[in-house]
Amino acid sequence: MTAFIKDTLIGFWSLLAGLGVTIRYFVKPIVTVQYPREKLTMSPRYRGHTEFIIDPETGSHLCNACENCARTCPSNVISVTGVKVAGTKKKRAVTYVLDYSLCSLCGLCVEVCPTKALKFSDEYRLAGFSRQDMIIDVIARLQAQQRALGLPEEVPPVPEAEEAKTEETKGGEGES
Amino acid sequence: MQFLLAEGARIGISLIGVIGLVSINALFLIWMERKVSAHIQLRPGPMEVGFHGALQTIADALKLIGKELITPEDADKLIYLLAPIVMFLPVLVSFIVIPFSPTLLIRDLNVGILLIFAFSTMAVLAILMAGWSSNNKYSLLGAIRSVAQTIAYEIPLLITAMSVIIMVGSLKLTDIVAYQATVWNVLFQPLAFILFIICGTAETNRAPFDIPEAESELVAGFHTEYSGMRFAIFFLAEYTNMFIVSAVATVLFLGGWRGPILPPLVWFLLKVYAIIFLMMWFRWTFPRLRFDQLITLGWKILIPLSLANLILTALAIKIF
């Protein structure tokens, strides 16, 4: 008899405890987002594809087309071309294209970059319908970001008049 | 002649009012259930159709109307067709006696509460008809479970209602409301209120007592084979049943339409929907009982407790 009463009371109490848990969740803020209308903010360590850091001084990228990233990349993802800019002795990137479908997100390109020009983007909507959708033009992305920030847009550097020697490197020796 | 006309008008207006209430109530409750479940699971729930998904149920209902009505090949056709109607009609009848406010009630019958209990039990017959005639093992299993669990919750349900009725000394719902002019019955009968809510949840076949439908075991239980509007009628009846059980609980224990400041009808609906919220809260908290657990709960806990409560009430009335 006492065991029955004890069981009943303990059982009833456990039911109330369960109700307490759910009502606490009921008043908690919602964690789901309405996806196409709202986007998640990714955590700072999230690794998307790489993109250029916008240098606060120049309002543009820091890439000098040294191609260290293209050579380091184990999957031959990166193609960089650069020119010597007129008036200075420095090279500057003209195109910087990723073939993201090959990327394994190892991050060696970011680590090896001597000018710290690269970072991981927080882009996570990377699905596409064809392989062409996976080709990411990092310069175009930089221009879009500059537009969004109200900065002057990146313009292709003027090559040195005389020896406009464009070095093209398809990262590593490619297709073999 | 004039009497007939007046009665005809009364019946017509009542019927239209009740069907309107039933439909709007079901539309609202389905939306509310989805919202409650969503918020308990930290989701927003339906958000796309209308303001915060308010028109979602209407969209779903339109879709259901457009669906094909399937009758299984070897079904017992007549019973198969009748089952949704048998499910739905008793639900309508119960509205005759529910006092929404001092003036807003259809008929103040002497047998009020008895009428509601008598007709709400017919839902079990409808479930059995649906399960039997579908010629489907899952439907039949659901129907058998439903019939077997009936006694486990109907007896304590009636006994708890009885302990209120012997306090009041009347089966009339208006008398029961009148009795609670100063103090609500729930203060005299807290145990009966708890038992009534538990049995009422079982009466509406809702989780954790949704053994007849048991989605994860029996597909959809007794209405597995139903589609389109026939399924929608089962759904409608389920949600209307919730409303009726909550309305009866409000009348028996929470003082019916009584309450300060706000108009009586608003108070009545507030209390009813508060109890419905409680039932939804149960559903999204407790897992489904196993069948023997339900029978144990019914026979070993609910019935003894309700009997003890009835005897105590009777003694108290005799002494004071």
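A word on the ground rules before we start. This is a predicted model, where local features need pLDDT of at least 70 and side-chain atom pairs count only at pLDDT 80 or more, while totals for chains, interfaces and linings use all residues. Residues are numbered from 1 along each chain as its sequence is written, chains are lettered from A and ligands numbered from 1 in the order in which they are written, and side-chain values use heavy atoms, with hydrogens and water left out.

Let's begin with the interface. Here 17 residues of chain A are in contact with 18 residues of chain B, contact being heavy atoms within 4.5 Å. The area buried between chain A and chain B is about 1700 Å², and carbon and sulfur atoms give 76% of that; buried area is the accessible area (1.4 Å probe) that two parts lose on being put together, summed over both.

How many salt bridges are there between chain A and chain B? The count is one, and it joins B:Glu48 to A:Arg37, with the closest N and O atoms 2.1 Å apart. The rule asks for a side-chain nitrogen of Lys or Arg within 4 Å of a carboxyl oxygen of Asp or Glu. On the side of chain A that touches chain B, the residues divide into ten nonpolar, five polar and two charged. Nonpolar here covers Ala, Val, Leu, Ile, Met, Phe, Trp, Tyr, Cys and Pro; charged covers Asp, Glu, Lys and Arg; the others, Gly among them, are polar.

Strands E2 (residues 78-84) and E3 (residues 91-99) of chain A pair antiparallel over seven bridges; pairing takes at least two DSSP bridges. A:Thr81 has A:Thr95 in E3(A) as its bridge partner. E2(A) and E3(A) form a hairpin with six residues between them, and A:Gly87 in the turn has a positive phi of about 90 degrees. E3(A) is also joined by three bridges to the antiparallel strand E5 (residues 135-137) of chain A, where A:Ile135 is the partner of A:Asp99.

Most residues other than glycine have a negative phi. A:Lys116, not a glycine, has a positive phi of about 55 degrees; it lies in the loop between helix H3 (108-112) and strand E4 (118-120) of chain A. B:Asn135 also has a positive phi, near 55 degrees, and sits in the loop between helices H5 (122-133) and H6 (137-168) of chain B.

Notes
Helices (H or I, at least four residues) and strands (E, at least two) are DSSP runs, numbered from the N terminus.
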